[in-house]
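Here's a quick tour for anyone meeting this structure for the first time. Have a look at the model, then read on.

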Amino acid sequence: MLSPAPSAAMTAAAPARAARFSGAVVALLALAIFINYVDRGNLATAAPLIQKELKLTNTQLGVLISSFFWVYVPGQLLAAWLVYRINAYRTLAIGLALWSLATLLSGLAAGFTSLLALRLLLGLGESAGFPASSRLLGQHLPPHRLGAANAMISTGIMLGPAAGTFFGGLLIAHAGWRVLFISFGAVSLLWLVPWLVRTRGLSAAERGPRLAGGPSFRQIAGRRELWAAGVGHFASNYPFYLILSWLPLYLVKAHGYSVSQMAELGGAVYVLSAMMSVIAGVVSDRWMASGASSNRVRKAMIGLASGVAIACMLMCAFGDARLAIAGLFLSSVTNGLGSFNMYAIGQTLAGPAAAGK
C-alpha cells in the first residue's frame with residue numbers, strides 16, 4: 001500500500017466519514033459510470049448508419065472510435081490532479097457536464113471533422129469518471145468492502161453498453177442516429193441535479209487543496225506494483241474494449257444481423273456481465289471476510305477472468321456464427337470477474353491517501 005498506516009485520529013474519524021458517505025452516493029457513482037459508458041458507446045451502436053450517411057471510410061470510422069482514447073487516457077492524469085485540487089465531487093460534475101454536451105452536439109455533426117472534435121471533447125470529459133470514483137471509494141471504504149462497491153460501479157460499466165446498444169439500436173432503427181445522440185446527451189445532464197444536492201455537504205467539507213499528505217505522482221510511478229497492475233489492467237481492458245467498440249459493427253457486418261437483432265444480442269451480453277459482476281463482488285467480500293487475503297482473492301479472480309478471455313477471443317476469431325456468439329456470451333464471465341477487481345486492486349495498493357492518483 002502506497003499510503004502510510006492511518007493514525008488513531010484517522011481511524012476514529014473513519015466511522016463518521018463512512019456515515020456521511022452513504023450507499024446513495026455509491027449508487028449515484030454507479031449511475032454516473034452507467035451514463036459514461038452509454039455515451040461512449042453511442043458511436044459504435046450507430047456506426048453502420050453514420051458511416052453510410054456521412055460516407056465515411058472504414059479508416060475514418062476507426063479513427064473516430066479510437067480518437068476518444070487519445071484524450072481519455074492522458075486526460076485521466078489531469079482529472080486525478082483536479083480530484084486533489086478541487087475534490088472528486090466537483091471534478092466528476094464538471095466531467096459529466098462536458099461529456100454530456102459533447103454527446104448532445106454529436107447529433108448535430110455535419111461530417112468527419114466535427115465528429116472527431118466532439119469525440120475528443122467526449123474523451124476529455126469522461127476521463128474524470130474513474131479518478132473521481134476511485135478516490136471516493138478508496139478514501140471512505142476499507143479493502144474488504146471494495147469488492148461489492150466496485151461491483152456496483154461495474155454494473156454501470158456493463159449496463160451502460162447494454163442500454164446503449166439495446167435502446168440505442170432500437171431508437172436509431174426508428175428515429176435515426178442523430179436523435180440517439182441528442183436525446184441521450186440531454187438525459188445525461190439530469191444526473192447533475194441529484195448529485196449536486198446529495199453531495200453538497202460532502203463537497204463543502206473537502207474544500208481547499210488536497211494535494212499534500214500523500215505520495216507524489218513520481219513516487220507512485222516508481223513502484224513496481226503500479227506497473228504490474230497497469231500491465232494487468234491493459235490486458236484486461238483489451239478484450240473488453242474490443243467488444244465495446246466493435247461488437248455492433250461486428251454483428252451487422254460479419255454475421256449479417258439487422259440493427260434490431262444486434263441491439264438485442266449485444267444488450268444481452270452486457271446484462272449477463274453485470275449480473276456476474278454483482279455476484280462476484282459479493283463473493284469476493286465474503287471470501288475476504290472469512291479470512292482470505294486481498295492478494296489471494298483479487299489474483300484468483302483476475303487469473304480466471306484472463307483465462308476465459310483467451311477462449312472467448314479465439315471463439316470469435318475462428319468459429320462459425322454460433323460459436324462466435326457463444327464466445328460473446330462467455331465473455332460475460334470475463335467482464336464480470338475482471339472489471340471490479342481491477343479497480344479494487346488499484347484502490348487497495350494506493351490506500352486512502354493516493355486513491356484516484
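Let's start with two helices, H3 and H4, which are oblique to each other. Keep in mind that this is a predicted model. The angle behind that word is a crossing of roughly 130 degrees, and the two axes come within 7 Å.

Who touches whom here? On the H3 side you'll find Ala 79, Leu 82, Val 83 and Ile 86, and they meet Ala 88, Arg 90, Thr 91 and Ile 94 of H4. Sorted by class, this contact has 6 nonpolar residues, 1 polar and 1 charged.

| H2 | residues 23-53 |

H3 has another side to its story. Leu 77, Leu 78, Trp 81, Leu 124 and Phe 217 make up a nonpolar patch on the surface, and together they have about 450 Å² of accessible area. Which helix gives the most to this patch? That would be H3, with 3 residues. Leu 78, for one, sits in helix H3.

Now for the charged pairs. Side chains of opposite charge can pair when their charged atoms come close. The structure has 3 salt bridges. One of them joins Glu 126 and Arg 40, with 3.0 Å between the closest N and O atoms.

Definitions and conventions
Residues numbered from 1 in each chain as written. Predicted model: local features only at pLDDT ≥ 70, side-chain atom pairs only at ≥ 80, totals over all residues. Heavy atoms only, no water. Axes fitted to C-alpha atoms, helices over the stretch in contact; angles between N-to-C directions. Helix = DSSP H or I, 4+ residues; strand = E, 2+ residues; numbered from the N terminus. Parallel < 35°, antiparallel > 145°, perpendicular 65-115°, else oblique. Contact = heavy atoms within 4.5 Å. Nonpolar A, V, L, I, M, F, W, Y, C, P; charged D, E, K, R; others polar. Patch = residues over 30% accessible without salt bridge, like charges linked within 9 Å, V, L, I, M, F, W, Y side chains within 5 Å. Areas by Shrake-Rupley, 256 points an atom, 1.4 Å probe, with all protein chains shown as cover. Salt bridge = Lys/Arg side-chain N within 4 Å of Asp/Glu carboxyl O.
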